[in-house]
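Here are my notes for someone opening this entry for the first time. They are set out as numbered points, to be read with the structure in view.

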Amino acid sequence: MTTYVLRRLLLMLPVAFLVTVGVFMLIHLTPGDPALILLGEDRSPQAIAQIHQELGLDKPLYVQYVIWIGRLAHGDLGRSITTNQPVATAIGERLPATIELGLVALLWSLIVAIPLGTIAAVRRGSLADQVATGITVAGVSIPNFFIGIVLIFVLSVSFRIFPFGGYVPFTQDPLENLRHVVLPAIALGTAGAAINMRFTRSSMIEVLNHDFIRTARAKGASWRRVVFIHALKNALIPVVTIVGLQIGGIIEGAVVTETVFTWPGVGRLAVESIFDRDYTVVQGIVLLAAFSYMIANLLVDLVYGWLDPRISYS
Amino acid sequence: MAHLLELDDVHTQLTLKDGVVRAVDGVSFHVDPGETLGIVGESGSGKSMTALSIMRLLPRSGRIAGGSIWFKGKDLTEQSEDEMEAIRGTEIAMIFQDPMTSLNPVYRVGWQVSEPLRIHRHVRSSAAQASAVSLLRKVGIPEAEKRVRQYPHVFSGGMRQRAMIAMGLSTSPSLLIADEPTTALDVTIQAQILELLRDLNRDSGTATILITHNLGVVAGMCERVIVMYAGRIVEEGRTEDVFKRPEHPYTWSLLRSIPRLDAEVHEPLHPIEGSPPDMTRLPTGCKFRPRCLFAVDRCAVEEPEMQPVGRQVARCWVTQGGTSLSERGDGG
Amino acid sequence: MSTASALLTTEEPIRRTPIGVLVLLRGHPRVTAAGGLVALLFLVALLAPLISPHDPLAVNADNSYLPPFSPGHWLGTDELGRDLLSRVLWGARVSLPVAFVAVGVGVVGGGIIGLASGYAGGFTDLLLMRLVDALLAFPGLILAIAIVAALGPGLRNAMIAIGIVAIPVYARLVRAVTLQLKQLEFVTATRSLGATPWRLILRHIIPNLLNPVIVQVSLSAGFAILAEATLSFLGLGAQVPTPDWGQMINTGAAFLANDPWLAIIPGIAISITVYSFNFLGDSLRDALDPRLRG
């Protein structure tokens, strides 16, 4: 098993390398002198020269890259251009909020998806199934920021049940925190709910066609027992794959949702930083997003193997 | 003595894209307590569908269109789903062909084997586990305590089938239906499993219906045999009678197609002519006629009824007319 | 890269005959319905200048914030008095071309990479596939945002960014088909007869690509429209005053309390459009599935 993990990590290396190169090029792709971009307002020749020297912009590109990677390895993601705060710190401050949002969204999506997907599979072809499937396609078609806006309009502006934005730390006031997270989580999780429902359904249908289901019925197991005990455990194994990937992709969905709901997470930081031309922060977040996605991919495979007794990674 | 199981003119239909198939077309037979009955036929003959009809485990496209299935005084075709669930796994048990796929891969074998006990006898988990161990021992699985905690994929094919048998017999059912239990197994393992089934039948008195396409399996194991073709029974009788002197051309052809060890080297093999019938387009008259070496004109016009012929019952104009198949030798 | 990416690869049998369009429409009502919807959208985009009651850019401050069903302005007006209906109709002229250029970039770019990778094999294949994997390592929207961040906000850069995000899917698709065909004997036979690679490509690879690519293009179009709307919503795509749906939601969101229609109507437009393409892609995929075909 450890050899498998090591082998996978080894295979990931070239990709990881290319990813870092790509992110590194982010600043350098931008037309114009990177120094000017980084400096923004203050464009005095001394400042420019200083930046050039500080970032080693006078050195060849690959040398700059090596220096950058070296710093990265030490956890030094550079400093924010606007606030001069270490990027790692800035991200670290916002990350818990994003993670909270992502997890609640995931919870919402699973609470919706698994029962609906199971029902759709068991009652395959029925009206309930077709309606559910139709909702699925709709769910991935509606932009999540639009869902957010509609939610705000209905539940915040029209009926003042939930606040329309902002954040209260959990440690400060758990109830308020939950009140604030509900709408963004629903907005963020709905697309995921649609995907998960679809996947649960097809996985369930496939499992219900297996012979061991017939065996269970022959033993006198009721349909309820067959579906929830015999089928579900098998059907959910592939679903774990999808869920894992969604966890890895939390930042992606968060970008827009956090903007709509002014949620102080990493996603909103990314958008703000783009407009502030704070490229070091953008770099840091993009890197984080890419690596968490890659690692999620790897972890998902491992968890799959752990869940399915038939698979062994010898 | 009342029969344990009695099928009376049972009709089961499958609704397919190409049309409605009468998978079980007017089947009647009985099984007595403790008896072993073999049901022989090729794929599509309706033998498995008959078993699934008894268990009321038909696929979505199937339904019982007529007839009655009497079991211990109840008509199974009229039982509700809840009532059937109380019968399955307790009074009637069924084991299937492919042990590889018939066991749930994500649950331990012991858990699955003890499931009928937990569902029907409400045995608690700890006691159920102990029962599972003794059940596995009873079917001849070595190191039962270790095996009980293992997952199915670790078991060999033969062991899995033994586990299935253990599962089926755990609640001491009155009737065990085995649908091609040895088809997916190696020949040597086949013999072991059949011997196991024979011993268990003898020791526990559980009536057994053995479904197979392999006559050899029936020969060693069943007291009586039913031969099915195109959804109908074409011959029924005591195994030794049917084997010694078949009274239906299909049975005759089946027996003749088995290669014999004592045959001459240059003797040709005798496969059955033609191919299995298209169940959506059956011929008029006798359904076996297109492949029959003995057919006469009447066979194309009118379908024969089951009538006593010789020491058994058969559905054939030729034999009912007094002609013996073995006298005709190669036919024609 | 993993089970995850296995979800993205497609496998197609070789020698699939391209299905006739009429056969498709006749036997599969869902495809007809979806196709009709998409055709309608294209029609709207095409005819927007003709059917819009007003100039989408015409500012008329006196008439701002008119509610729907106002005389002359069926959907009302926005904060600058511009007719909402016209802007929504013209929005199709922005979103659809952008989506298709982006998908085009993906198809062509991915196709070339996949072809080269599958055909050349060896180190080239290894290298190119690592590049594709690297692209896939980024969540789609993040990659698009990163590229737009680097190149600067604007519709043109949004198109490029979304196109690049679409490349990996097509690269893998084309590569898979190319590899399958490469193994066929007739490929080596024709090559030995002196047929140039280009003829092989045109005659054999493309027909086999038709079906999966069509399905994928529909789905990609849906994703592209969504991505473009998102980028524009964030201010990274279409800029004011372009009548772009995402951008309209962005500005409209500020007026949610007073005039929710400014944000809601464009949102509905996006949803319907994306839904149509997703629906088309789904029904095509079901219709063209070799397992379901006779």
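1. In what order do the strands of the open sheet of four strands in chain B lie, and is their pairing parallel or antiparallel? The model is a predicted one, and in it the order is β2-β1-β4-β5, with antiparallel pairing. The edges of this sheet are formed by β2 (19-31) and β5 (74-75) of chain B, each of which pairs on one side only.

2. Within that sheet, strand β1 (residues 5-16) of chain B is joined to β2(B) by 10 bridges, and the two run antiparallel. One position to look at is B:T12, which stands opposite B:V24 in β2(B). Helix α1 (residues 47-55) of chain B packs on the sheet, where it touches β1, β2 and β4 (62-71) of chain B. The direction of this helix makes about 75° with that of β2(B).

3. Chain B also contributes an open sheet of eight strands, in the order β6-β7-β8-β3-β9-β10-β12-β11, and here the pairing is mixed. Why do two of its strands have a side without a neighbour in the sheet? β6 (92-95) and β11 (307-309) of chain B stand at the edges with a single partner strand each, so one side of each is left without a neighbour in the sheet. From one strand to the next, the twist averages 20°.

4. At one end of that order, β11(B) pairs with strand β12 (residues 312-314) of chain B in the antiparallel sense, over three bridges. B:V309 has B:Q312, in β12(B), as its bridge partner.

5. Chain A is built without strands: it has 13 helices and zero strands. Its C-alpha atoms fill a box of roughly 85 × 60 × 35 Å along the principal axes. Of the 314 residues in chain A, 46% are buried. Taking the contacts in chain A between residues at least 6 apart in sequence, 70% join residues at least 24 apart.

6. Is A:I161 buried or exposed? This residue is found in the loop between α7 (144-158) and α8 (174-208) of chain A. A:I161 counts as exposed because it has 11 C-beta neighbours inside 10 Å, and the cut-off for exposed is 12 or fewer. A:I161 and A:L232 are 71 residues apart along the chain, and their C-alpha atoms are separated by 36 Å.

7. Which chains share the most contacts? There are two pairs of chains in contact, and of these the pair of chains A and C shares the most. That contact takes 40 residues from chain C and 42 residues from chain A. On the side of chain C that touches chain A, the elements giving two or more residues are α1 (3-6), α5 (122-137), α6 (140-151), α9 (197-233) and α11 (261-288) of chain C. The largest share of that side, 10 residues, comes from α11(C). By class, the side of chain C that touches chain A divides into 30 nonpolar, seven polar and three charged residues.

8. Chains A and B meet through 17 residues of chain A and 23 residues of chain B. On the side of chain A that touches chain B, two or more residues come from each of α9 (211-218) and α10 (223-248) of chain A. α9(A) gives the most, with six residues. The classes on this side are four nonpolar, six polar and seven charged residues. Chain B and chain C, by contrast, do not touch, and their nearest C-alpha atoms are 12 Å apart.

9. The largest nonpolar core has 175 residues, and the members that touch the most others are A:I285, A:V286, C:A144, C:I162, C:A166 and C:A224. Helix α7 (residues 155-183) of chain C supplies the largest share of this core, 16 residues. Apart from its neighbours within four places in sequence, C:A166 is in contact with C:A102, C:V103, C:V105, C:G106, C:G110, C:S220 and C:A224. There is also a second, separate core of 89 residues, with B:L4, B:V24, B:F29 and B:I95 among them.

Terms used: Residues are numbered from 1 along each chain as its sequence is written. Chains are lettered from A and ligands numbered from 1 in the order in which they are written. This is a predicted model: local features need pLDDT of at least 70, side-chain atom pairs count only at pLDDT 80 or more; totals for chains, interfaces and linings use all residues. Two residues are in contact if their C-beta atoms, placed from the backbone, lie within 7 Å. Ala, Val, Leu, Ile, Met, Phe, Trp, Tyr, Cys and Pro count as nonpolar, Asp, Glu, Lys and Arg as charged, and the others, Gly among them, as polar. A residue is buried if 20 or more other C-beta atoms lie within 10 Å of its own, exposed if 12 or fewer, and partly exposed in between; C-beta atoms are placed from the backbone. A nonpolar core is a set of buried Ala, Val, Leu, Ile, Met, Phe, Trp, Tyr and Cys residues joined through C-beta atoms within 7 Å. Two strands pair if DSSP finds at least two bridges between them. Axes are lines fitted to C-alpha atoms, for helices over the stretch in contact, and angles run from 0 to 180 degrees between N-to-C directions.
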